[in-house]
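Subject: Structure handover

Hello,

Please find the structure below. My notes on it follow.

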Amino acid sequence: MSDAAARVADSVGNWVDSRAPLWARPYLRLSRLDRPIGSWLLLIPCLWSTALASHLARDVSQLPLTIALFLIGAFAMRGAGCTWNDITDRDLDARVERTQSRPIPAGQVTVTQALVFLVVQALVGLVVLLQFNHFAIATGIASLLIVAAYPFMKRITYWPQVVLGLAFSWGALMGFAVVLGRIDAAALALYAGTVAWVIGYDTIYAHQDADDDAFIGIKSTALLFGERTRLALAIFYGLAVVLIGVAVHLGGARWPAWIGLTAFAAHLAWQIARIEIGDSRLCLWIFKSNRDAGLLLFAGLLASAWL
């Protein structure tokens, strides 16, 4: 086993490196608690759908509790998903400069230890899920097949971001399932728009590893689009705004939701204008900024629900 205090190349200077107990650091890195942006991006569709569904239900009394449960569930399940991804990708990660210092390829934890940790995180997610109605429980369980399949997609298709989008956007359905006990047209439109958003921002993220991915044979939309990435982002981000707008309309949301959607669209337009695919640090920064874009839209939807 290697030194647990050794840092991960693509995540340094965080609280895990400086404050977490040595024994816990590899596990915190497996769950990406040193990099919570992915948990935020998993949570945000849950927030959108919960706010919009609460507006349709004309009842915001359960909003705080539902959001708190989604928050716990998002961090637990994102951690479980990342652990599963690191287990399946351990040989590939060892060949990519940015990921070769992750806990499994670096020898900080064994595959068996990682599997046990995966089960623990999944159980936390299950406890959260069991707080909801039967329809929401079934809806949440249905997502697991997509989550399990995602790590293998980069080996067979240039569109793994689509599968990631299907998984990371599931929260757009969950809010409706929890609040209303159904999935209606507004939920489906919100889900489709969120998938388009995820394809866009994960394409930006994938440009960090484009050269290494091409060398070892990993596929991604970053490699597929290449110099046409700005155009592709305009298409997918445009689809995201239009489809989410359809959801807002079908949900009968009031004027704050439209202000939130406008702010969201403006942020995505800024990303398209600012992106430079050859600048890895810039790509990571723009990718992370999608949390702010998502929260702008949530603020509008939340205000609409309260009104």
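Ser31 touches Arg78, Gly79, Thr83, Phe117 and Gln121, not counting residues up to four places away in sequence; contact means heavy atoms within 4.5 Å. This is a predicted model, in which local features need pLDDT of at least 70, side-chain atom pairs count only at pLDDT 80 or more, and totals for chains, interfaces and linings use all residues. Residues are numbered from 1 along each chain as its sequence is written, and side-chain values use heavy atoms, with hydrogens and water left out.

Ser31 sits in the loop between helix H2 (25-30) and helix H3 (37-57). Helices are DSSP runs (H or I, at least four residues), numbered from the N terminus. Ser31 is buried, at a relative accessible area of 4%. Buried means under 20% relative accessible area, exposed over 50%, and partly exposed in between (1.4 Å probe, protein chains only).

Arg32 lies in the loop between H2 and H3. Arg32 counts as buried, at 5% relative accessibility.

Most residues other than glycine have a negative phi. Arg32 has a positive phi of about 65 degrees although it is not a glycine. Arg58 also has a positive phi, of about 55 degrees, and is not a glycine. Arg58 is in the loop between H3 and H4. Arg58 is exposed, with a relative accessible area of 76%.

**Helix H6**

H6 covers residues 111-129, 19 residues in total. From first C-alpha to last, H6 reaches 27 Å, close to the 27 Å expected at 1.5 Å a residue. The expected span is 1.5 Å times one less than the number of residues. Buried in H6 are Ala114, Phe117, Leu118, Gln121, Gly125, Val128 and Leu129. They cover an arc of only 130 degrees around the axis, which puts them on the same side of H6. The arc is that of the directions from the helix axis to the C-beta atoms. Thr112, Val116 and Val127 are exposed on the other side of H6. The cover over the buried residues of H6 includes H2, helix H4 (63-88), helix H7 (134-142) and helix H10 (171-179).

**Helix H17**

H17 (residues 290-306) has 17 residues and reaches 24 Å from its first C-alpha to its last, close to the 24 Å expected at 1.5 Å a residue. Its buried residues are Asn290, Ala293, Gly294, Leu297, Phe298, Gly300, Leu301, Ser304 and Ala305. They cover an arc of only 160 degrees around the axis, which puts them on the same side of H17. What covers them includes H3, H4, helix H11 (185-206), H14, H15 and helix H16 (280-288).

**H14 against H15**

H14 (residues 229-250) and H15 (residues 255-274) pack at an angle of about 175 degrees, with their axes 10 Å apart. Axes are lines fitted to C-alpha atoms, for helices over the stretch in contact, and angles run from 0 to 180 degrees between N-to-C directions. H14 and H15 are therefore roughly antiparallel to each other, the word for angles over 145 degrees. By class, the contact of H14 with H15 has 14 nonpolar, 3 polar and 1 charged residues. Ala, Val, Leu, Ile, Met, Phe, Trp, Tyr, Cys and Pro count as nonpolar, Asp, Glu, Lys and Arg as charged, and the others, Gly among them, as polar.

Best wishes

Technical notes: Helix = DSSP H or I, 4+ residues; strand = E, 2+ residues; numbered from the N terminus. Parallel < 35°, antiparallel > 145°, perpendicular 65-115°, else oblique.
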